[in-house]
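I opened this notebook to keep track of what I looked up. The entries follow in the order in which I made them.

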Amino acid sequence: MKLLKAYTDTSLIVKITIALILGIIVGLIFGEQASVLAPFGDLLMRLLQFIIIPLILFTLVVGVNQTKLGDLGRMGGKVFMYYVVTSALAMTVGLTVASLFDPGSGVTAETDSTIEANEHPGIASVLLNIVPKNIVTAFSEMNLLGIIFTALVFGIAIAALRSSKEHGDLGEHIYKVFNGLNEATFKIMNVILQYVPIGIFAIIAQTVGKQGMDTILSLGNMVFVLYIALIAQIGIYVLMMVTFKMKPSQFFSQARTPMITAFVTQSSSGTLPVTLNAANRLGLSKSLYGFSLPLGATINMDGAAIRIAVSAVFAANYTDTTLGFTSMLMIVIVGTLASIGTAGVPGAGIVMIATVFAQVGLPMEAVAILTSIDALVGMGATALNVTGDLVGTSLINKTEQKHQEA
């Protein structure tokens with residue numbers, strides 16, 4: 001019991017850091033044999049996915065009832081604008097850094113593999129998916145946009161009941177039930193968080209054991225350039241926070257847990273419960289982060305945008321193709337659109353890269369090569385995806401505070 005108490009009392013970030021280091025060591029020592037730990041990692045993903053729906057539903061319903069509808073509409077506009085602008089900015093950062101370092105130059109790897117580019121659903125299809133055909137389907141298929149829509153509709157309906165003279169008491173009772181369920185969900189979340197370090201240890205050990213050092217060294221330049229671009233984007237986030245008079249140290253003290261979790265799991269959607277918990281600990285508005293973070297996990301992927309840009313330059317160098325200004329502009333536009341609606345799960349990055357390559361005429365053979373380092377680059381890209389969502393929510397929360405004070 002003393003050991004268990006010592007474990008639970010230890011800071012979560014300390015436990016996750018230790019788990020990360022131990023996982024790398026075990027993966028390097030045991031190699032592919034570390035895959036025996038896979039069930040522990042799978043359990044973590046199942047637990048996180050298990051709590052996603054109640055977190056989104058109850059948090060958003062309660063949040064809507066704690067703000068005015070006009071404020072909600074204004075925040076929604078800011079969130080969408082931030083996601084579009086930062087995705088395009090991240091794509092530009094990726095192209096700029098990659099153009100400076102030229103990843104892929106001198107690479108002569110041969111592959112017989114080919115990758116088929118799946119057709120992207122398009123903006124119209126993504127917008128239509130916001131309204132689910134039925135509620136059950138939205139929940140069973142983990143359609144985050146559909147769940148957000150459902151929560152918003154019921155949240156607004158409950159708010160209307162509470163403000164009506166005829167059904168005011170009924171509305172208050174329903175709101176109290178949802179508020180209670182919301183608190184209960186966070187209690188469950190706190191228990192799941194205690195298992196996160198164990199799951200992270202298993203996932204990182206398995207990933208490092210499978211990838212090994214050979215893959216890292218063979219395409220090390222590509223991986224190095226990608227992480228330089230990711231760090232540059234984080235630098236931009238810091239500048240944005242300083243501009244809005246936020247303390248980056250305070251932000252990262254809470255954001256580092258979802259960042260590491262996203263890094264290991266390679267899933268923006270799977271990390272969502274941890275990201276929501278971080279937003280709660282940062283004291284952000286429930287009505288804001290209840291829809292901005294689930295929406296961001298679906299459509300805002302700054303890390304994926306950088307990954308697409310660096311991969312495009314890599315493919316051009318690998319095939320000795322010159323990327324002109326027009327081609328780069330096309331990559332920014334197509335890449336930004338391709339990131340919208342692509343699932344925030346492991347492996348989605350390759351689909352986006354293939355989509356962009358098909359649109360701008362880059363060879364699919366290069367995509368096949370990039371699959372060998374999919375896990376390595378996917379980890380960093382996913383961590384930045386989650387960071388970008390949380391940064392945007394924090395910045396918008398800051399502007400809303402100023403608006404309310406005014």
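**Aromatic pairs.** I searched the whole structure and found 4 aromatic pairs. For this I counted rings of Phe, Tyr and Trp (its six-membered ring) as paired if their centres lie within 6.5 Å, with planes under 30 degrees apart taken as stacked, over 60 as edge-to-face and the rest as tilted. Phe251 is buried, at a relative accessible area of 2%; buried means under 20%, exposed over 50%, and partly exposed in between (1.4 Å probe, protein chains only).

**Ground rules.** I noted that this is a predicted model, in which local features need pLDDT of at least 70 and side-chain atom pairs count only at pLDDT 80 or more, while totals for chains, interfaces and linings use all residues. Residues are numbered from 1 along each chain as its sequence is written, and side-chain values use heavy atoms, with hydrogens and water left out.

**Ser394.** Which residues is Ser394 in contact with, leaving aside its neighbours within four places in sequence? I found Met246, Phe251, Leu282 and Leu284, where contact means heavy atoms within 4.5 Å. Ser394 is placed in helix H17; helices here are DSSP runs (H or I) of at least four residues, and strands are runs (E) of at least two, numbered from the N terminus. Ser394 is buried, with a relative accessible area of 4%.

**Salt bridges.** I took a salt bridge as a side-chain nitrogen of Lys or Arg within 4 Å of a carboxyl oxygen of Asp or Glu. The count by this rule is 4 salt bridges. Side chains of opposite charge can pair when their charged atoms come close.

Glu400 pairs with Arg74, and their closest N and O atoms are 2.6 Å apart. This pair links distant parts of the chain, since Glu400 is in helix H17 (residues 374-405) and Arg74 in helix H4 (residues 69-101), 326 residues apart. Lys78 also forms a salt bridge with Glu400, at 2.8 Å between the closest N and O atoms. Here too distant parts are linked: Lys78 in helix H4 and Glu400 in helix H17 are 322 residues apart. I therefore logged Arg74, Lys78 and Glu400 as one network of salt bridges.

Is Glu400 buried or exposed? Glu400 is buried, at 4% relative accessible area, whereas Arg74 is partly exposed at 24% and Lys78 is partly exposed at 27%.

I also looked up Glu183 and Lys286, whose side chains meet in a salt bridge of 3.8 Å, N to O. Glu183 lies in helix H8 (residues 168-218) and Lys286 in helix H12 (residues 286-299), so the pair ties together parts 103 residues apart in sequence. Glu183 is partly exposed at 45%, and Lys286 is buried at 16%.

**Nonpolar cores.** I used this rule: a nonpolar core is a set of buried Ala, Val, Leu, Ile, Met, Phe, Trp, Tyr and Cys residues joined through side-chain atoms within 4.5 Å. The largest such core has 114 residues, and Ile200 and Phe357 have the most contacts inside it. Helix H3 (residues 38-64) supplies the largest share of this core, 14 residues. Among the residues that Ile200 touches, beyond those up to four places away in sequence, are Ile16, Leu44 and Val264.

**Helix H3.** I found a kink of about 30 degrees at Ile52 in H3, shortly before the proline Pro54; the bend is the angle between axes fitted to the seven residues ending there and the seven starting there.
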